[in-house]
Amino acid sequence: MAAAFTHVALHVRDLDACVAFYRDFCGLAVVHERGGEAGESRVVWLAQPGRERDFIFVLLPGGPGRDQAERDFSHFGFALDSRAAVDAVAGK
């Protein structure tokens, strides 16, 4: 079997805010969640509905945080219906 890109896992400062953003503005759905009890770190898996076997976006708590530099263009890309829709999401 050839290697396949299946997921990306990122530490984030505010897990609940990130889950809400990717769910509400990008249409991802929570497909798995574990931890969060007895001091165990909570881990949330998100995916595009119907594509859960293609690619998973994993969010982990405890990101160190950073301020993005002016010319740092790091990002995740999502397709929307129009440039205005993209700009509206980017503004949030």
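Helices (H or I, at least four residues) and strands (E, at least two) are DSSP runs, numbered from the N terminus. By this definition the protein has two helices and four strands, arranged from the N terminus on as β-α-β-β-β-α, and V19 is found in helix α1. The structure is a predicted model, in which local features need pLDDT of at least 70 and side-chain atom pairs count only at pLDDT 80 or more, whereas totals for chains, interfaces and linings use all residues. Residues are numbered from 1 along each chain as its sequence is written, and side-chain values use heavy atoms, with hydrogens and water left out.

**Overall dimensions and burial**

- The C-alpha trace of the protein spans about 45 × 35 × 25 Å along its principal axes.
- Of the 92 residues in the protein, 20% are buried; buried means under 20% relative accessible area, exposed means over 50%, and partly exposed lies in between (1.4 Å probe, protein chains only).
- Among contacts with a separation of 6 or more, 50% join residues 24 or more positions apart, where contact means heavy atoms within 4.5 Å.

**The nonpolar cores**

- In soluble globular proteins, nonpolar side chains tend to be buried together.
- A nonpolar core is a set of buried Ala, Val, Leu, Ile, Met, Phe, Trp, Tyr and Cys residues joined through side-chain atoms within 4.5 Å.
- The largest such core has 11 residues in all: V8, V12, L15, V19, Y22, C26, L28, V44, L46, F57 and L59.
- At least two residues of this core come from each of β1 (7-12), α1, β3 (43-47) and β4, and α1 supplies the largest share, three residues.
- A second, separate core has five residues, including V43, I56, V58 and L60.

- Apart from neighbours within four places in sequence, V19 is in contact with V30, V44, L46 and L59.
- V19 and K92 are 73 residues apart along the chain, and their C-alpha atoms are separated by 14 Å.
- C18 also lies in helix α1; leaving aside neighbours within four places in sequence, C18 is in contact with V12 and L59.

**The aromatic residues**

- Rings of Phe, Tyr and Trp (its six-membered ring) pair if their centres lie within 6.5 Å; planes under 30 degrees apart count as stacked, over 60 as edge-to-face and the rest as tilted.
- A search of the whole structure finds four aromatic pairs, one of them the edge-to-face pair of F21 and Y22, at 5.1 Å centre to centre with 85 degrees between the planes.
- F21 is partly exposed, because its relative accessible area is 25%, whereas Y22 counts as buried at 14%.
- The ring centres of Y22 and F57 are 4.7 Å apart and their planes stand at 85 degrees, so this pair is edge-to-face.
- Because Y22 lies in helix α1 (residues 15-24) and F57 in strand β4 (residues 56-61), the pair ties together parts that are 35 residues apart in sequence.
- Y22 and F57 are both buried, and F21, Y22, F25 and F57 form one aromatic cluster.
- Not counting residues up to four places away in sequence, F57 touches V8, L10, Y22, L28, V44, W45, L46 and F76.

**The pockets**

- Rolling a probe the size of a water molecule over the atoms shows where empty space is left.
- On a 1 Å grid over the protein atoms alone, a pocket is an open set of points where a 1.4 Å probe fits, with protein on both sides within 12 Å along at least five of seven lines; lining residues have an atom within 4 Å of a point.
- Grid points are joined across faces, edges and corners, and a volume is the space filled by probe spheres set on the points.
- The largest pocket holds about 1000 Å³ of space, and among its 27 lining residues Y22, Q68, S74, H75 and F76 are the closest to its centre.
- β1, α1, β4 and α2 (83-91) each give two or more residues to this lining, and α1 gives the most, with four residues.
- The lining of the largest pocket divides into 16 nonpolar, seven polar and four charged residues; Ala, Val, Leu, Ile, Met, Phe, Trp, Tyr, Cys and Pro count as nonpolar, Asp, Glu, Lys and Arg as charged, and the others, Gly among them, as polar.
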